[in-house]
Amino acid sequence: MPHSLPVTLTRHVDNIHLTYDTFGSQEDAPLVLIMGLGAQRILWEDAFCKMLANQGFWVIRFDNRDVGESAFVEEQFTPSLVHLAASGFLGAKISIPYTLSDMADDVISLMTWLNLPKAHIVGASMGGMIGQILAIEHPDRVLSLTSIMSSVGSKNLHKPEKNVLLKLLKPMPKARDKSIANMVEFWRTLHGHFYTFDFIRTQKLVTQIYERGVNPQGVLRQFAAILAAKERTNDLKNVSLPALVIHGKNDPMLPVSNGYATANAIYGSRLCIYEGMGHTLPIELWSTIIAEITQLALNIRASNER
């Protein structure tokens with residue numbers, strides 16, 4: 001059974017309260033799941049986490065700062081949509097309340113609290129960016145890196161499709177039912193048309209997300225951290241950790257060129273491109289993706305035993 005314990009992490013001048021769940025045995029290899037922009041930890045669905053645990057991992061998922069049941073950094077400056085648009089489209093510099101490196105430090109603090117010297121890191125979208133920073137800035141704490149539907153932050157790569165970006169930044173309706181409907185439609189857009197979109201399952205998950213608490217201002221603060229982050233290509237070239245890069249060929253948020261660029265930057269990484277996959281994890285691909293993550297860990301184990 002998963003359990004959730006609130007953890008208060010004190011780092012520099014911040015008091016960051018993170019909430020997490022674990023699946024599996026604490027005796028197994030630790031694996032930390034990092035979710036993306038504005039995304040709660042439950043988007044690493046229970047069944048997915050249990051499948052990972054069944055492969056011999058102690059799975060830890062958590063809400064990033066400014067998301068779900070973790071701390072909202074409300075006392076910090078929040079950039080406006082105008083500021084974010086100017087940064088994203090014109091390259092204007094903006095003030096940011098925190099960086100992706102700060103969010104990576106949150107992961108290290110959580111690992112330290114859990115007495116984990118090292119862990120396998122699996123990140124999706126912004127979570128993949130945070131995972132890349134962990135591999136760059138804290139390589140001694142990372143057993144392996146799996147970067148899913150993410151990016152190295154290059155301004156020269158393909159950007160999100162316009163309709164996706166507009167839906168992402170559209171103000172959330174105040175009415176509960178309208179808000180949930182908009183969130184479901186956004187996930188339908190990210191999911192694409194190749195794999196079956198399970199409306200009932202998605203609506204149930206989105207309703208749970210809404211009732212746990214959404215934080216539109218936190219999404220803006222996280223988005224600002226993404227836009228302000230420097231490109232990681234050159235730093236990733238110095239990473240010598242085992243790495244796996246997974247991307248959807250039909251990703252409307254971070255087009256597939258971002259996956260190729262990530263894999264090209266990390267020497268020796270394995271690249272898996274899935275036809276029809278958008279910017280979600282289709283349930284039809286769970287077994288395949290988990291098999292790839294497991295094989296990466298097994299390769300490390302075999303190498304260490306030689």
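Is Ala 119 buried or exposed, judged by its relative accessibility? Ala 119 has a relative accessibility of 0% and therefore counts as buried, in a model that is predicted.

**Surroundings of Ala 119**

- Ala 119 belongs to strand β5, which covers residues 119-124.
- Leaving aside residues up to four places away in sequence, Ala 119 touches Pro 30, Val 32 and Met 111, and also Arg 141, Val 142, Leu 143 and Ser 144.
- Between Ala 119 and Ile 60 the C-alpha to C-alpha distance is 9.8 Å, while the two residues are 59 residues apart in sequence.

- A pair of aromatic rings is described by the distance of the centres and the angle of the planes.
- With ring centres required to lie within 6.5 Å, the count comes to five aromatic pairs.
- One of these is formed by Tyr 20 and Trp 113, whose rings are 6.4 Å apart centre to centre with 65° between the planes, an edge-to-face arrangement.
- This pair links distant parts of the chain, since Tyr 20 lies in strand β2 (residues 14-23) and Trp 113 in helix α3 (residues 100-113), 93 residues apart.
- Tyr 20 has a relative accessible area of 3% and is therefore buried, whereas Trp 113, with a relative accessible area of 44%, is partly exposed.

**Aromatic pairs: Phe 48 and Trp 286**

- The rings of Phe 48 and Trp 286 have centres 5.5 Å apart and planes at 75°, and because an angle over 60 degrees counts as edge-to-face, the pair is assigned to that class.
- Here too the pair links distant parts of the chain, with Phe 48 in helix α1 (residues 46-53) and Trp 286 in helix α11 (residues 286-305), 238 residues apart.
- Phe 48 counts as buried at 2% relative accessibility, and Trp 286 is likewise buried, with a relative accessible area of 5%.
- Phe 48 and Trp 286 also belong to a cluster that ring pairs link together with Trp 44.

**Charge over a ring**

- Arg 65 lies over the face of Tyr 98, at a distance of 4.7 Å from the ring centre.

Methods: Residues numbered from 1 in each chain as written. Predicted model: local features only at pLDDT ≥ 70, side-chain atom pairs only at ≥ 80, totals over all residues. Heavy atoms only, no water. Phe/Tyr/Trp six-rings, centres within 6.5 Å; stacked < 30°, edge-to-face > 60°. Helix = DSSP H or I, 4+ residues; strand = E, 2+ residues; numbered from the N terminus. Buried < 20%, exposed > 50% of the residue type's maximum accessible area, 1.4 Å probe, protein only. Lys NZ or Arg CZ within 6 Å of the ring centre and 35° of its normal. Contact = heavy atoms within 4.5 Å.
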